[in-house]
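Here is a short report for a reader meeting this structure for the first time. Look at the fold first, then follow the headings.

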Amino acid sequence: MNKIRLLLFVGFGLLYLSLGQGRRSLPIVQAEKPNDKAALSTLKSLPTTIGEAQIRARILHETIHGALQVIHRDFFQEDESRVIPSHSLEDVFKELNRAHGVKIRWLAVNAKAMNIDNEPKTEFEKMSVKELSVGKASYEQVIDDQFHYTGKIRLPSQCLKCHLPMRRDNRDRVAGLVISMPVKSHGKAE
């Protein structure tokens, strides 16, 4: 349990650094609803450019991907675990949405979705599945004032017992991690 706390502490530390971009403090939005536009508009740590949003999304993706792999390796035992690690991380996703307006969710790509909520819903997510399926590491798009990024999550052979039980080979498959965040402007990074 202490390893999980340490891992989450390190993850949140990286998140703090990525969202703060050198600022001493991060204002937290105290919104009752995650999509409260008035509260989100007061968030001073919104990325100001698409370039800044790209950097933040990539850091978040690497942090969450790494945490998921380590938690699976160190703590998940198929017959003994109460909760799968990806489901545990969804609590972190909810807090990131509430506090920072950053929406994160899992996306089924080329293996069985363990939760129907992980199927692609939007056109962006459907395109992400196509891009990740052909070997791309990520896919991104700006829609209105939202930057959307999907990065691949490697599903190694031991994950495929559940995600692809009738497989004929042990090659790795991928899932996706969708990260969406509001941006202040559509300008490119300088």
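## Contacts and overall fold

Among contacts in the protein chain between residues at least 6 apart in sequence, 60% join residues at least 24 apart. Contact here means heavy atoms within 4.5 Å. This is a predicted model, in which local features need pLDDT of at least 70, side-chain atom pairs count only at pLDDT 80 or more, and totals for chains, interfaces and linings use all residues. Residues are numbered from 1 along each chain as its sequence is written, and side-chain values use heavy atoms, with hydrogens and water left out.

The protein chain has six helices and four strands. Both are DSSP runs numbered from the N terminus: helices are H or I with at least four residues, strands are E with at least two. Along the sequence the pattern reads α-α-α-α-β-α-β-β-α-β. Of the 190 residues in the protein chain, 42% are buried. Buried means under 20% relative accessible area, exposed means over 50%, and partly exposed lies in between (1.4 Å probe, protein chains only).

## The nonpolar cores

The largest nonpolar core has 23 residues. A nonpolar core is a set of buried Ala, Val, Leu, Ile, Met, Phe, Trp, Tyr and Cys residues joined through side-chain atoms within 4.5 Å. Ile-104, Trp-106, Phe-147, Leu-177, Ile-179 and Met-181 have the most contacts inside this core. At least two of its residues come from each of H3, H4, strand S1 (103-108), strand S3 (146-155) and strand S4 (173-182). H3 gives the most, with six residues.

A second, separate core has eight residues, including Phe-124, Val-129, Leu-132 and Val-174. Back in the largest core, take Phe-147. Leaving out residues up to four places away in sequence, Phe-147 touches Ile-50, Ala-53, Gln-54 and Ala-57, among others. Its contacts also include Glu-140, Val-142, Ile-179 and Met-181.

## Helices H3 and H4

How do these two helices pack? Helix H3 (residues 50-75) and helix H4 (residues 85-100) meet at an angle of about 150°, and their axes are 10 Å apart. H3 is therefore roughly antiparallel to H4. Angles under 35 degrees count as roughly parallel, over 145 as roughly antiparallel, 65 to 115 as roughly perpendicular and the rest as oblique. The axes are lines fitted to C-alpha atoms, for helices over the stretch in contact, and angles run from 0 to 180 degrees between N-to-C directions.

H3 contributes Leu-60, Ile-64, Leu-68, Ile-71 and His-72 to the contact. H4 contributes Pro-85, Ser-86, Leu-89, Phe-93 and Leu-96. By class, the contact has eight nonpolar, two polar and no charged residues. Here Ala, Val, Leu, Ile, Met, Phe, Trp, Tyr, Cys and Pro count as nonpolar, Asp, Glu, Lys and Arg as charged, and the others, Gly among them, as polar.

His-61 lies in helix H3. Is His-61 buried or exposed? His-61 is buried, with a relative accessible area of 5%. Apart from neighbours within four places in sequence, His-61 is in contact with Tyr-149, Gly-151, Lys-152, Ile-153, Leu-177 and Ile-179. His-61 and Thr-150 are 89 residues apart in sequence and 8.3 Å apart in space, C-alpha to C-alpha.

Glu-62 is also in helix H3. Glu-62 is exposed, with a relative accessible area of 51%. Its C-alpha atom is separated by 9.7 Å from that of Lys-152, 90 residues apart along the chain. Ala-67 is another residue in helix H3. Ala-67 counts as buried because its relative accessibility is 11%.

In H5, Phe-124, Glu-125, Ser-128, Val-129, Glu-131 and Leu-132 are buried. The buried residues of H5 pack against S1, strand S2 (138-143), S3 and S4. After H5 comes Gly-135, with a positive phi near 105°.

Asn-118 sits in the loop between S1 and helix H5 (123-133). Asn-118 is buried, with a relative accessible area of 14%. Beyond residues up to four places away in sequence, Asn-118 touches Arg-105, Trp-106, Leu-107, Ala-108 and Ala-113. Asp-144 lies in the loop between S2 and S3. Asp-144 counts as exposed, at 63% relative accessibility. Asp-144 is not a glycine, yet has a positive phi of about 55°.
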